[in-house]
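Dear colleague,

Please find below the structure that I am handing over to you. My notes on it follow directly after.

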Amino acid sequence: MTSLQLSARVAALQPSATLAMVARVKELQADGVEVLDLTAGEPDFGPPACAEAAAKEAIDANLGRYTAAAGLADLREAAADLATETTGLEWSSSQLLVTTGAKLGICQALMALVEEGDEVLFPVPCWTSYPEMVQLAGGVPVPVQCGENHLPKVDDLAAAASSRAKVLLINTPCNPTGAVYPRELLEEIGAWALEKRVALISDEIYAAMTYGGAKHVSPIAVLPELREQAVWVGGMSKAFAMTGWRMGFLGGPAPIISKIGALQSQLASSPPAISQHASIAALRGGAEDCLRMREAFEKRCVLVSDALSEMPGVECPRPQGAFYAFPGFGSFLGKTDSETGRPIHSGDDLAELLLEADRIALIGGSAFGKPDAVRISFATSEDVLKKALGRLAARLQKLS
Ligand SMILES: Cc1ncc(COP(=O)(O)O)c(C=O)c1O
């Protein structure tokens, strides 16, 4: 028994549900169990070769040392170019901060913008970490349920917000739904945020990954005044398959970015040096690798959504971006699996059944704020996807 007392802030914290499931799959695999793993929040590709070569050179040149707290000047410049490409707005390096992953970047932005008790709104289904991050920053999470198309209505945002509404956190393309926000909706949301003086944190980490002709539109670029009260989030994890390198970017008004840089200097000293050198190379020379990966994801997106659309009772708008499908299984709730006798009351129950009986691993929807759904990652081979979808279809037929 320890006599250490956790702070209320940390005692209330939930571990990441997605990472917990990933750990469970790894344990099963270590025991020799073959699992069809559809949990991945990371591309099943390697980083661009030029990034790996630059990292090796940086190690040989003894560059693995502290850097400027806000990141290397060359990387801030390359990140400004990425922000320009993603948003269509002009950015300079004084408006960009290199962070230790986008996740910590978002936490730092929240810490910088949110006073104790301020509301942070976010459309749901959402990335599993948002509510916890908001609470850690002292804010009050305000989830706003989306409709069937996985997009929020402005009236619902307005109804959920009180006078303490401070920040709206938007993620397009969206993890877990694959929804890509259309320009008209973003214009309405932007006009509301401007009128209510609600700041925008725009998580565009999946911006390079859109499919079926869908185009990424940056939420902060749809109205000219908006960028003055907005923070852009990007990074290397998804588009450049560099998850473990822990490289993210924040963009925003220079005085705000400078202050978040001061916060970062106290939290992290500087982002990891070798990863910064690798990221400069990837941003300057890795475009081809990114395109190849996007093409593979596009094919898989079609494969997954076609297969799901042929399963009676499964609701799944076709994902338009990121690398996830988020089917709803509402019509199966209350049914029982005829083989194991297990009742299904939620997407989490279904995920559990699929892991136990069919060795398919995916993430139950409650982690994303929609308990009747599951998240299927298509960051895995077509072969694994086909096998898993076949087993899923067969299992659903056993529910009655
Ligand atoms: C929506 C979203 N935002 C941000 C991140 C964080 O990315 P990272 O911290 O690896 O840069 C993730 C990772 O899963 C994500 O899905």
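**Backbone and ligand site**

Pro125 is found in the loop between strand E3 (119-124) and helix H6 (130-136); helices (H or I, at least four residues) and strands (E, at least two) are DSSP runs, numbered from the N terminus. This is a predicted model, in which local features need pLDDT of at least 70 and side-chain atom pairs count only at pLDDT 80 or more, while totals for chains, interfaces and linings use all residues. Residues are numbered from 1 along each chain as its sequence is written, and side-chain values use heavy atoms, with hydrogens and water left out.

Pro125 is joined to Val124 by a cis peptide bond, with omega about 10 degrees. A cis peptide bond also joins Asn175 and Pro176, where omega is about 25 degrees. Pro176 lies in the loop between strand E5 (165-171) and helix H8 (183-196). Arg246 has a phi near 55 degrees, a positive value in a residue other than glycine, and is found in the loop between strand E7 (230-235) and strand E8 (248-251). For context, most residues other than glycine have a negative phi, and most peptide bonds are trans.

Asn175 and Arg246 also belong to the residues around the ligand, a group defined by having a heavy atom within 4 Å of it. Among the others are Gly101, Lys103, Trp127, Asp203 and Tyr206. This shell divides into four nonpolar, four polar and four charged residues (Ala, Val, Leu, Ile, Met, Phe, Trp, Tyr, Cys and Pro count as nonpolar, Asp, Glu, Lys and Arg as charged, and the others, Gly among them, as polar).

A polar side-chain atom of Arg246 lies 2.7 Å from an oxygen atom of the ligand. For Asn175, an N or O atom of the side chain is 2.8 Å from a ligand oxygen, and for Lys103 a polar backbone atom is 2.9 Å from one. Taken alone, the ligand exposes 400 Å², of which the protein buries 92% (Shrake-Rupley method, 1.4 Å probe).

Finally, three strands form an open antiparallel sheet in the order E9-E12-E11, where two strands pair if DSSP finds at least two bridges between them. Strands E9 (324-325) and E11 (363-364) stand at the edges with a single partner strand each, so one side of each has no neighbour in the sheet.

Kind regards

Technical notes:
Polar contact = N/O pair within 3.5 Å; in protein donor to acceptor, adjacent residues only side chain to side chain.
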